[in-house]
Amino acid sequence: MRIRIIRPTGRIFFPVDENEPRERAREWEALASPGTELDVVRVAKGVESIESDYDVEMATPWIIQEVERAEREGFDAAIIFCMADPGLQGAREGTRMPVVGIAQACYLTAL
């Protein structure tokens, strides 16, 4: 299984570091099932951070674009790595693969 993990922000709270996506993937690979390939990416453009509904709306097109690209590249699922779940519903509507938002996953696990 191939999973694309999408970081919609990161430049303020997590300084841009070209090695960061690889390091993040290694952390998550320790939790993944054997044979699962993880690919951590940042969106091409977007907002500096997501702190409001405005930020969510501004980030959404770039996240959906990244989810669509993941599907074209043959990924089996995508994870939106942001506790606001920006673009989650639109991404689910625009693709056939599963798209998980970490906030919704946390809420449902807590329930």
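Analyst: A residue is called buried when its relative accessible area is under 20%, exposed when it is over 50%, and partly exposed in between (1.4 Å probe, protein chains only). The model is predicted, so local features need pLDDT of at least 70 and side-chain atom pairs count only at pLDDT 80 or more, whereas totals for chains, interfaces and linings use all residues. Residues are numbered from 1 along each chain as its sequence is written, and side-chain values use heavy atoms, with hydrogens and water left out.

The protein chain contains four helices and four strands (DSSP runs numbered from the N terminus: helices are H or I of at least four residues, strands E of at least two). Read from the N terminus, the elements follow the order β-α-β-α-β-α-β-α. Of the 111 residues in the protein chain, 43% are buried. Among its contacts (heavy atoms within 4.5 Å) with a separation of 6 or more, 60% join residues 24 or more positions apart.

H2 is formed by residues 53–72. Its 20 residues reach 29 Å from the first C-alpha to the last, close to the 28 Å expected at 1.5 Å a residue; that expected span is 1.5 Å times one less than the number of residues.

The buried residues of H2 are Asp55, Val56, Ala59, Thr60, Ile63, Ile64, Glu66, Val67 and Ala70. An α-helix has 3.6 residues a turn, so residues three or four places apart point the same way. The cover over the buried residues of H2 includes strand E1 (2–7), strand E2 (37–42), E3, H3 and strand E4 (99–101). Aspartate 55 counts as buried because its relative accessibility is 15%. Leaving aside residues up to four places away in sequence, aspartate 55 touches Val47, Ser49 and Ile50. Just after H2, glycine 74 has a positive phi of about 90°.

Most residues other than glycine have a negative phi. Aspartate 85, however, has a positive phi near 50°, and this residue is buried, with a relative accessible area of 13%.

The whole structure has one aromatic pair, where Phe, Tyr and Trp (six-membered) rings pair if their centres lie within 6.5 Å, and planes under 30 degrees apart are stacked, over 60 edge-to-face and the rest tilted. Tryptophan 28 and phenylalanine 81 form an edge-to-face pair, because their ring centres are 4.9 Å apart and their planes stand at 75°. Tryptophan 28 belongs to helix H1 (residues 20–29) and phenylalanine 81 to the loop between strand E3 (77–80) and helix H3 (88–93), so that the pair links distant parts of the chain, 53 residues apart. Tryptophan 28 is buried at 17% relative accessible area, whereas phenylalanine 81 is partly exposed at 22%.
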